[in-house]
Amino acid sequence: MNSVPGWDEELESAFSVYNGPYLPGRVASRHKTVCDILIPGGVVQAGISGALLRIGKQPVVGDFVVLLDQPELGSRMVVNILPRRTCLSRGAVGDGSGEQVLAANIDTIFIVTSAGKDLNLRRLERYLTVVYSSGASPVILLNKIDLADDPARMVEKIQSVAGDVPVIPLSALSKAGLDALNPYLIPGETVALIGSSGVGKSTLINAFFGEAVQKTADVRKDDEKGRHTTTVRQMFLLPSGAVLIDNPGIREIQLGDSSDGLEKAFSDIINAASNCRFKDCTHHDEPGCAVLQAVKAGLIPEERLDSYHRLTEELIFQSKKSEIGLKRLEKEKYKEIAVTIKKYRKFTGKP
Ligand SMILES: Nc1nc2c(ncn2[C@@H]2O[C@H](COP(=O)(O)OP(=O)(O)OP(=O)(O)O)[C@@H](O)[C@H]2O)c(=O)[nH]1
Ligand SMILES: [Mg+2]
Ligand SMILES: [Zn+2]
């Protein structure tokens with residue numbers, strides 16, 4: 001088996017159909033027109049084949065790719081993307097439709113929050129939904145506990161929205177609690193860090209390496225907001241053999257258009273809903289609603305149900321948007337085909 005980090009037997013068999021000047025690789029960072037690619041024994045830069053771009057396939061950080069390697073022609077090109085195990089995406093911003101894939105093949109996602117003004121349970125629910133949809137396993141890191149009076153109380157609060165998801169208190173700066181992350185940083189595993197700007201994602205990366213591999217910067221004094229120091233998504237290879245991905249701080253993460261993430265992130269509500277009188281109960285004001293009863297009994301916080309409603313609406317909006325986008329795409333394709341047929345008729349003189 002080759003030494004591309006994270007490579008497995010499934011990838012080996014997907015790659016085995018390529019005979020000739022092809023190399024397996026993994027996208028370590030993505031620039032506008034080129035990618036930095038980890039290949040067995042090093043890192044190379046490669047372009048992206050026009051054929052791949054034309055069919056709408058964009059390599060992202062974490063992708064396992066097929067490289068056409070022709071050094072005698074001075075050319076190295078990503079010609080295919082191997083099947084993705086997991087896929088972290090978010091809803092496109094603005095009126096763009098569909099989803100935007102951020103990174104691929106991540107096993108564990110560390111959702112980083114800091115024990116200060118960043119702590120926001122509603123935002124954590126949103127992150128959990130997005131991470132569950134990606135197929136990766138979430139772990140919540142409560143960073144900067146050196147600044148907190150009562151970190152245990154904060155962990156308790158977070159655990160109330162996290163269900164079975166581990167919540168790990170630590171300090172990237174003092175390195176307290178870092179050992180608790182070792183079980184995730186094992187050979188072949190890919191771990192990505194996400195969270196707002198300034199929560200300490202890059203400081204954590206530096207702590208794992210024991211040296212400054214990433215730039216970090218102070219947060220603003222008044223509101224503790226970060227300064228968007230990291231601007232490029234990038235992969236790092238730890239001495240342990242684990243792969244780490246540092247991400248730019250996320251301003252506000254939009255949901256993609258898959259609903260299974262929401263169901264996992266709100267499994268308490270989904271479980272209660274199985275006892276609602278009506279199968280299509282929306283848990284707003286229906287009689288016999290078991291979810292509303294659970295809220296009344298204090299088993300589910302009201303703000304959590306509100307959050308669930310808000311995210312459900314957002315999800316419906318997102319999937320409508322991508323449906324419209326899909327129709328537009330089909331229309332354009334159809335137009336393209338119609339033009340080709342017209343040209344063909346002109347050329348052959350056939351009706
Ligand atoms: N007190 C304390 N400060 C920390 C800790 N971890 C990080 N910081 C500080 O928080 C600030 C922001 O850290 P970064 O690592 O740059 O944050 P980031 O999440 O990478 O931010 P972006 O790259 O902007 O998304 C820096 O001044 C760090 O020194 C910690 O555990 N305790
Ligand atoms: Mg950073
Ligand atoms: Zn109900």
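Which residues lie nearest the centre of the largest pocket? In this predicted model, select Lys144, Ser197, Gly198, Val199 and Val219, which are the ones nearest the centre among the 39 residues that line the largest pocket. With these shown, look at the space around them, for the largest pocket holds about 850 Å³. If you colour its lining by class, you will find 17 polar and 13 charged residues alongside 9 nonpolar ones.

Next, select helix α5, residues 201–209, which gives the most to the lining of the largest pocket, with 3 residues. Ser202 belongs to helix α5, whereas Thr230 sits in the loop between α5 and β12 (234–237), so that the pair, 28 residues apart, links distant parts of the chain. Ser202 and Thr230 are both buried.

Now move to the second largest pocket, where about 390 Å³ of space lies. Select Arg30, Gln58, Pro59, Val60 and Val101, which are the closest to its centre of the 16 residues in its lining. Strand β7, residues 99–104, supplies the largest share of this lining, with 3 residues, and by class the lining has 8 nonpolar, 4 polar and 4 charged residues.

Finally, colour domain 1 (9–81) and domain 2 (87–246) separately: because both give residues to the lining of the second largest pocket, this pocket lies between them.

Methods:
Residues are numbered from 1 along each chain as its sequence is written. Chains are lettered from A and ligands numbered from 1 in the order in which they are written. This is a predicted model: local features need pLDDT of at least 70, side-chain atom pairs count only at pLDDT 80 or more; totals for chains, interfaces and linings use all residues. Side-chain values use heavy atoms; hydrogens and water are left out. On a 1 Å grid over the protein atoms alone, a cavity is a set of points where a 1.4 Å probe fits but cannot get out, and a pocket is an open set with protein on both sides within 12 Å along at least five of seven lines; lining residues have an atom within 4 Å of a point. Grid points are joined across faces, edges and corners, and a volume is the space filled by probe spheres set on the points. Helices (H or I, at least four residues) and strands (E, at least two) are DSSP runs, numbered from the N terminus. Ala, Val, Leu, Ile, Met, Phe, Trp, Tyr, Cys and Pro count as nonpolar, Asp, Glu, Lys and Arg as charged, and the others, Gly among them, as polar. Domain bounds come from an automatic or database domain assignment. Buried means under 20% relative accessible area, exposed over 50%, partly exposed in between (1.4 Å probe, protein chains only).
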